[in-house]
Amino acid sequence: MSESEQGPVASVAPEQVAPEPVSSASALPQPALEIASGYALTGAALDLGALLWDGQCHADAQIRIPLSMLNRHGLVAGATGTGKTKTLQLIAEQLSANGVPVFLADIKGDVSGISAPGEANARVQERAGQVGQEWQAQGFPCEFYGLGGIGPGIPVRATVTSFGPVLLSKVLQLNQTQEQSLGLIFHYADSKGLELVDLKDLRAVVAFLVSDTGKAELKNIGGLSTATAGVILRSITAFEQQGAGGFFGEPEFDTTELLRTASDGRGLVSVLELAAVQDKPQLFSTFLMWLLADLFHDLPEVGDVEKPKLVFFFDEAHLLFSGASKAFLESITQTVRLIRSKGVGVFFVTQTPKDVPGDVLAQLGNRVQHALRAFTPDDAKALKATVKTFPNSPYDLEELLTQLGTGEAVITVLSDKGAPTPVAATRLRAPQSRMGPIDAAALDQAVKGSALYARYAEAVDRESAYEKLTAEQKAAETAAERAAESAAPRTSREAEPAPSKRDESLVGQVVGSGVFKSLARSVGTQLGREISRSLFGTARRRR
C-alpha cells in the first residue's frame with residue numbers, strides 16, 4: 001500500500017519543555033493511591049494526564065489508557081469550550097506515534113494544526129510542568145479530505161448504490177414509510193443491474209417506476225405510490241439545490257486509504273475538513289457512518305489485537321442520532337458491536353452521554369468526560385444522568401463535573417485486563433502539535449502534494465442508470481415513430497405489399513419495448529446482477 005505524504009514540517013528544531021520535579025507516589029493520599037494503582041499498566045499505553053485529587057494535581061500519578069483497549073470504543077463528552085477537540089488531538093497524536101492510523105472529522109476547521117509542530121509558550125510550559133509531561137513540539141503525517149470537493153481537501157465521494165437506502169433516507173430526511181419505499185427502489189435497481197452512481201440515476205429510476213409502464217415492475221413486491229415517489233423526488237431536488245449533489249458520484253473513495261501508515265512507521269492521520277459543509281449536519285454525520293460501514297464490509301476478523309488497525313473519531317455525534325429511524329439506530333448499534341473484532345475503535349464526541357442511545361453507550365468502554373454546565377433545569381437533569389453512567393467513585397461527581405477547568409476531565413477506561421479502571425479526575429496533557437489551524441496556503445499545498453489528489457480530484461460521469469434508461473426510451477420512441485410512418489395510409493391506389501420482416505420488427509419493438517412493457521427487464525437481461533448489501537443497506541464495492 002502506498003505511503004502517505006508527510007504533513008507540514010517545521011523549519012526549526014523541535015522545542016522541548018521538561019516537567020517540574022514531582023513528589024513520590026508514597027506522598028499521595030490513600031484514596032488517590034487506590035485510584036492511581038488502577039492505571040499502573042504494564043503494556044503499551046497512551047498518556048492522558050495526571051490525577052487531580054482534593055484540588056491538587058499529582059504528576060506522579062499518571063492516568064493512561066492501554067493501546068490494546070482502544071478498539072473497545074469510547075466517548076469524549078463535555079460542554080462547548082471545555083477542551084474536547086484538544087483531547088482528540090492529544091489521543092490522535094499518540095496513536096499516530098504508535099503506528100495506528102486515525103480518522104478525524106474537522107467540523108470547525110481547527111484540527112489541521114495536527115500536521116505542524118506546536119509552539120512552546122507560557123501556558124504549555126505551565127501545563128507540562130503540572131502533569132509531568134516532557135513536551136516536545138511535533139507535527140504528524142496527515143492527509144486532508146473534503147466531502148464532494150467542497151472546501152479544501154481531496155474529494156471524498158460515494159456512489160448512491162454503495163451508500164444504500166438506509167443512509168440515504170437519513171440524508172434526505174425521509175420517514176419510515178418513505179425509507180421502506182426507497183429500499184424497494186434500490187432492490188429493483190440492484191436486481192436489474194442499474195447502477196445508481198449519482199442522484200440523476202436515482203431520479204431516473206424513481207420516475208420510471210411510477211410511470212404507467214414501470215408500475216408493474218414493483219407490483220409483486222409492494223409497489224411504490226405516486227405520492228411517496230413525489231416526496232422522494234422533491235427531497236432529491238432540494239438536496240441538490242443545497243449544492244450537495246456533488247457528494248455522490250465517482251471516483252468513489254476507497255476507505256482502505258484510511259488504514260495507511262507513513263514511511264517512518266507512524267500512523268497516518270486522515271482529517272476530513274467539514275467547515276465548508278457544517279451547515280449540512282445530516283449529510284456529513286451520515287457520510288461518516290458510510291465510511292465506517294464500508295470499512296466494516298471490507299476488513300477481516302482479527303479478534304483482540306495489540307493495537308487497533310484504525311481509530312475513528314465521530315465528532316458532533318448527536319447529529320448522527322437525532323431523528324434517526326429505528327433501522328438506522330439498529331444498524332449503528334450492530335456496526336459498533338461488531339467492528340471491534342475487526343480491529344477498529346470508534347470514539348463518539350458529543351456534549352453529554354444522553355446524546356448517544358443506550359445500546360450504543362453500553363459498548364463504549366473508555367470515557368473522557370469534560371465539564372458540564374448546569375444553568376437550566378434540563379442541564380441539571382443531564383448532569384444527574386451523566387453521573388449515573390459512571391462506576392462508583394470517591395468523588396462527588398455531580399459537584400466535580402461542574403467545577404472542572406478547561407483541559408480537565410473525569411476519566412475511566414478499560415485496563416489491560418479488560419476491567420473498568422477507577423474514576424479519575426485528570427488534568428490532561430498538552431498536544432505537541434499546533435493547537436489551531438494551519439494557514440490556507442499550507443493546507444492547499446498539502447492537499448495538492450498528496451499522491452491521492454490525482455486519483456480523486458476530478459469527478460467522472462460514466463454510463464449508469466440514467467444514461468441506460470434514457471437510451472432505451474429514445475430507442476423505443478424512435479421505433480414508435482418509424483412504425484407509425486410504416487403504418488400510415490398510402491395515397492397510392494396500388495395494393496400494399498405484405499409487411500416486411502423489418503416492419504414487423506419495428507411494430508414489435510413498440511409493442512414490446514421497455515418503455516411500454518418491460519424497459520427495465522430488457523436492461524436487466526443485459527446487466528442483471530444482484531448487488532450484495534449488508535449493514536445500512538450499503539453495497540460492497542467491486543475492487
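Which residues do ring pairs link into a cluster? The exercises below work through this and related points on a predicted model.

**Exercise 1. List the members of the aromatic cluster.**

Solution. 
- Step 1. Start with the count: a search of the whole structure gives 15 aromatic pairs.
- Step 2. Phe 163 belongs to helix H4 (residues 160–163), while Phe 248 is in the loop between helix H9 (226–241) and strand E9 (269–273). The pair links distant parts of the chain, 85 residues apart.
- Step 3. Follow the ring pairs. The cluster consists of Phe 163, Phe 239, Phe 247, Phe 248, Phe 287 and Trp 290.

**Exercise 2. Decide whether Phe 163 and Phe 248 are buried or exposed.**

Solution. 
- Step 1. Recall the cut-off: buried means under 20% relative accessible area.
- Step 2. Phe 163 has 0%, so Phe 163 is buried.
- Step 3. Phe 248 has 4%, so Phe 248 counts as buried too.

**Exercise 3. Classify the pair Phe 253 and Tyr 456, and say what the pair ties together.**

Solution. 
- Step 1. The centre-to-centre distance is 5.4 Å and the planes are 50° apart; the pair is tilted.
- Step 2. Phe 253 lies in the loop between H9 and E9, and Tyr 456 lies in helix H17 (residues 453–456). The pair therefore ties together parts 203 residues apart in sequence.
- Step 3. Check burial. Phe 253 is buried at 1% relative accessible area. Tyr 456 is buried at 3%.

**Exercise 4. Describe the largest nonpolar core.**

Solution. 
- Step 1. This core has 141 residues. Leu 95, Leu 202 and Phe 348 have the most contacts inside it.
- Step 2. Helix H10 (residues 281–298) supplies the largest share of this core, ten residues.
- Step 3. Another core, of five residues, lies apart from it; among them are Val 124, Ala 128, Trp 135 and Ala 137.
- Step 4. Look at Leu 95. Leaving out residues up to four places away in sequence, Leu 95 touches Leu 46, Leu 67, Leu 70, Val 100, Val 102, Val 311 and Phe 313.

**Exercise 5. Find which charged ends sit over the rings of Phe 296 and Phe 390.**

Solution. 
- Step 1. Over Phe 296 sits the charged end of Lys 342, 4.3 Å from the ring centre.
- Step 2. Over Phe 390 sits the charged end of Arg 367, 4.4 Å from the ring centre.

Terms used: Residues numbered from 1 in each chain as written. Predicted model: local features only at pLDDT ≥ 70, side-chain atom pairs only at ≥ 80, totals over all residues. Heavy atoms only, no water. Core = buried A, V, L, I, M, F, W, Y, C linked by side-chain atoms within 4.5 Å. Buried < 20%, exposed > 50% of the residue type's maximum accessible area, 1.4 Å probe, protein only. Helix = DSSP H or I, 4+ residues; strand = E, 2+ residues; numbered from the N terminus. Contact = heavy atoms within 4.5 Å. Phe/Tyr/Trp six-rings, centres within 6.5 Å; stacked < 30°, edge-to-face > 60°. Lys NZ or Arg CZ within 6 Å of the ring centre and 35° of its normal.
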